[in-house]
Structure formats: C-alpha cells, structure tokens
Amino acid sequence: MATRSSIASGALLLLCCATWVSATDYSVGDSSGWGLNVDYTTWISGKSFFVGDNLVFKYTASQHNVEKVNAAAFNTCSSSSPISSDNSGETKINLDTSGKHYFICGISNHCIQGMKLEVDVAESSSTSPSPPSSSTTNTTTPPSGTTTNNNKSGAGSLSPVHATVAFMGLVVLKLGVF
Ligand code: CU1
C-alpha cells in the first residue's frame with residue numbers, strides 16, 4: 001500500500017493533538033490516603049489514567065513507604081529490589097510512560113494486607129484505544145480497520161476534537177497521495 005506512510009503521518013498528527021491535554025493529579029485513596037484498610041481496587045475502578053498524570057501518595061512517613069516495582073514483585077509483594085522507593089510521607093509519581101505501573105508499600109507485610117496499586121496508563125486522553133504496539137488493554141480493539149472515514153457518528157464516541165483530528169489526518173493522507 002502506497003498510502004501507508006501517509007496514514008502513519010496522519011496517526012502521528014492525531015497523537016500530537018490528542019496528547020495536548022492537561023495532566024491530572026490523583027490523590028491515592030482520596031481522603032483515606034495511602035494506608036492499611038483501604039481498598040485500592042475499589043479506589044481505582046472507574047478511573048482512567050493517561051501519560052502525564054500524577055499519583056500522589058499521602059501517608060505517615062514512619063509507617064509506610066511507596067515502592068515502584070515490576071509486575072513480578074507486585075504479584076509476590078517483594079520489596080527486595082524496587083525500581084524506586086520513597087518514604088517522605090508524600091510521594092508524587094509522574095506516570096510518564098504508558099502501560100502498567102505497579103506500586104506497593106514495602107513496610108512489614110502491608111502489601112499482602114492490601115497496600116498495592118496497579119495502574120494502567122493510556123497513551124493519551126483519546127477514548128479510542130489504539131496503541132501501535134503494546135496490546136495490554138483487553139478486547140474490543142479492532143487491529144486493522146481503524147481508518148478515518150466513518151461518517152456516521154451515531155455511537156457518540158466521536159467527539160468534535162476527534163472529528164477535527166480525523167479530518168486533518170485525511171488531509172495529510174490526501175497530500176501524501178499526490
Ligand atoms: Cu505500609
């Protein structure tokens with residue numbers, strides 16, 4: 001296909017525009033903060049995280065800490081070799097990459113007791129999940145047919161911004177052809 005690079009540049013343009021959204025600070029656990037007896041699975045449900053957002057862990061410095069760990073350490077609650085660790089009492093984590101981010105409390109057996117947080121960070125605030133490579137998000141992502149020419153916007157998922165970006169992508173595509 002000759003238009004492949006054109007589509008790519010269109011997608012790039014879309015990415016540029018779509019990431020132009022202000023970041024959000026999330027206070028982990030809300031008023032409960034980072035501590036024992038808080039259900040972080042419940043806290044995180046319904047929230048969407050995007051690259052650039054921040055997590056703010058608030059806790060009593062002498063009782064807890066925040067350790068960023070990999071998936072294996074998260075699953076086993078191992079704090080032997082965290083990616084990073086902080087016990088200042090207020091730890092701000094910038095979610096600078098897409099994909100899964102894992103956090104645990106490394107004090108005592110707090111992680112096993114529930115002080116663990118798994119955050120799935122999306123590339124941008126675009127609600128259509130179509131990351132190029134990482135297929136960490138499950139289901140409902142059509143891999144190929146996401147072209148920009150759907151005229152019927154009945155589903156309600158096509159916001160004005162998307163429509164504009166799609167149009168711009170189409171323009172780039174046209175320019176690429178000639
Ligand atoms: Cu703790």
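## Thr91 and its surroundings

The side chain of Thr91 reaches the side chain of Asp86 in a polar contact of 2.5 Å (a polar contact being a pair of N or O atoms within 3.5 Å; within protein, one must be able to donate a hydrogen and the other to accept it, and residues adjacent in sequence count only if both atoms are side-chain atoms). This is a predicted model, where local features need pLDDT of at least 70 and side-chain atom pairs count only at pLDDT 80 or more, while totals for chains, interfaces and linings use all residues. Residues are numbered from 1 along each chain as its sequence is written, and side-chain values use heavy atoms, with hydrogens and water left out.

Thr91 sits in strand β6, residues 90–94 (helices, H or I with at least four residues, and strands, E with at least two, are DSSP runs numbered from the N terminus). At a relative accessible area of 5%, Thr91 is buried (buried means under 20% relative accessible area, exposed over 50%, partly exposed in between, using a 1.4 Å probe and protein chains only).

## The overall layout

Four helices and eight strands make up the element list of the protein, and along the sequence they read α-β-α-β-β-β-α-β-β-β-β-α. Of the 178 residues in the protein, 29% are buried. Take the contacts between residues at least 6 apart in sequence: 69% of them join residues at least 24 apart.

Five strands form an open sheet in the order β2-β8-β7-β4-β5, with mixed pairing (two strands pair if DSSP finds at least two bridges between them). Its edge strands are β2 (49–50) and β5, each pairing on one side only.

β4 pairs with strand β5 (residues 84–86) in the antiparallel sense over three bridges, and Glu67 has Ser85 as its bridge partner there. Three bridges also join β4 to β7, again antiparallel, with Lys68 partnered by Phe103 in β7. In a regular strand, side chains alternate between the two faces of the sheet. Both faces of β4 are covered: Val66 and Lys68 are buried on one side, Glu67 and Val69 on the other.

## The copper site

Which atoms hold the copper ion? His64 (ND1), Cys105 (SG) and His110 (ND1) coordinate the copper ion, at 2.0 to 2.1 Å (donors are N, O and S atoms within 2.8 Å of the metal, or 3.2 Å for Na, K and Ca; water is not among the atoms, so sites may look incomplete). Along the sequence, the donor residues follow the spacing H-x40-C-x4-H. His64 lies in the loop between β3 (54–58) and β4 (66–69), and His110 in the loop between β7 (99–104) and β8 (116–122), so the pair ties together parts that are 46 residues apart in sequence. Both His64 and His110 are buried.

## Aromatic pairs

How many aromatic pairs are there? The count comes to six (rings of Phe, Tyr and Trp, the last by its six-membered ring, pair if their centres lie within 6.5 Å; planes under 30 degrees apart count as stacked, over 60 as edge-to-face and the rest as tilted). One of them is the tilted pair of Trp43 and Phe49, 6.3 Å centre to centre with 45° between the planes; Trp43 and Phe49 are both buried.

Ring pairs also link Trp34, Tyr40, Phe57 and Phe103 into a cluster.

## Positive phi in two loops

Asn37 has a phi near 60°, a positive value in a residue other than glycine. Asn37 belongs to the loop between β1 (25–27) and α2 (40–44) and is exposed, with a relative accessible area of 79%.

Ser108, not a glycine either, has a positive phi of about 45°. Its place is in the loop between β7 and β8, and Ser108 is exposed at a relative accessible area of 64%. His110, a copper donor, lies in that loop between β7 and β8 too.

Note on methods. Contact = heavy atoms within 4.5 Å.
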